[in-house]
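Colleague: I would like a close look at one part of this model, with its surroundings. Please give the cut-offs as you go.

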Amino acid sequence: MDGKPRYYLIVVIDIERFGRRTDPMQQWLREQLYAVVGKALDQAGIGTDDIVATSDRGDGCFLLLRPSVSKLDLTTRFLDALQTGLRGHAQRGNEETALRLRVALHAGEVAQDKHGWVGEALNTACRLVDLEVLRTTLAAASRSGLALAVSADWHAAVVRHDYPELPASGFRELPFVAKEITSRTWLRVPGYDEPPGLGGATPPASGRPAPPAPRPAADTPAADTQAVAAAPGPSAPTAPTGGHHGPFAGAVFHNPGRVYGGNHYEGVTPGEAHADTAGKGDDA
């Protein structure tokens, strides 16, 4: 521990709706989180020698990995294994024990002092995982156990190259504005062509409401005014149909917990279950 910054890959993970659970349940969920994450790392071929630090965040954790670890493997093999582990947990659980995650990937210089880890890159990764748009899309992602946000640097290094195992089209670009940060982020949800719950408009990633659209000038001809009003924006993301996409295919989440119940409904009719598509996000 010499206090010098070094380059690491940064993985930050938070548990959805953590703050709504009782203290004993929070403790149990933390144990489950570390078990699922540990198994996913192992299945992705990331060993203990690759992990510089695992630090607890109360409602989640962050990992610092050596730069020799493949960013592509982290974005594919690790997240696929994490998704599979979450589905296994969900099949044995219920609303109270639901474990769903927000995940952020970034990389940069981080230093260690006698109190822990510090660095702008680590701050950025923690800001990413707390974005309101990431909470919103996870709440709406009924077929997935996780939602992912990657930084602009991570996107440039990995995602934009459109690897066969990681199609760039599955990510959606959004503003990333949080405290001292003004940048861009890209969101992805396994099992979806695009992240759900965001609608056709591009919401600010900070969660602040978007400014109103400008009104047409008073002297704008009526035909032009109608054209302005009718101009279509980006189309809303369309969730895959048929329930056969991704590790959470066939999952049903229903109000208030949106908890995976296998290929059946728990305590609600199919119509009631499918009516709860918007979600309310989480306050963890």
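Which elements do the buried residues of H4 pack against?

Modeller: This is a predicted model, in which local features need pLDDT of at least 70 and side-chain atom pairs count only at pLDDT 80 or more, while totals for chains, interfaces and linings use all residues. Residues are numbered from 1 along each chain as its sequence is written, and side-chain values use heavy atoms, leaving out hydrogens and water.

Helix H4 covers residues 132–140, and seven of its nine residues are buried, so the rest of the structure largely encloses H4. Helices (H or I, at least four residues) and strands (E, at least two) are DSSP runs, numbered from the N terminus. Buried means under 20% relative accessible area, exposed over 50%, and partly exposed in between, with a 1.4 Å probe and protein chains only. Val133, Leu134, Arg135, Thr137, Leu138, Ala139 and Ala140 are the buried residues of H4. They pack against E4, helix H3 (120–129), E6, strand E7 (172–178) and strand E8 (181–188).

The nonpolar cores come next. A nonpolar core is a set of buried Ala, Val, Leu, Ile, Met, Phe, Trp, Tyr and Cys residues joined through side-chain atoms within 4.5 Å. The largest such core has 39 residues, and Val11, Leu74, Phe78, Leu82 and Leu101 have the most contacts inside it. At least two residues of this core come from each of strand E1 (6–15), helix H1 (23–43), strand E3 (60–65), helix H2 (71–91), E4 and strand E6 (146–151). A second, separate core has 29 residues, and Val133 and Leu138 are included in it, as are Cys126 and Val129. In soluble globular proteins, nonpolar side chains tend to be buried together.

Strand E4 spans residues 101–113 and contains Ala111, which counts as buried because its relative accessibility is 10%. Leaving aside neighbours within four places in sequence, Ala111 is in contact (heavy atoms within 4.5 Å) with Gly3, Lys4, Pro5, Gly116, Trp117 and Val118. Ala111 and Arg6 are 105 residues apart in sequence, yet their C-alpha atoms are 6.2 Å apart in space.
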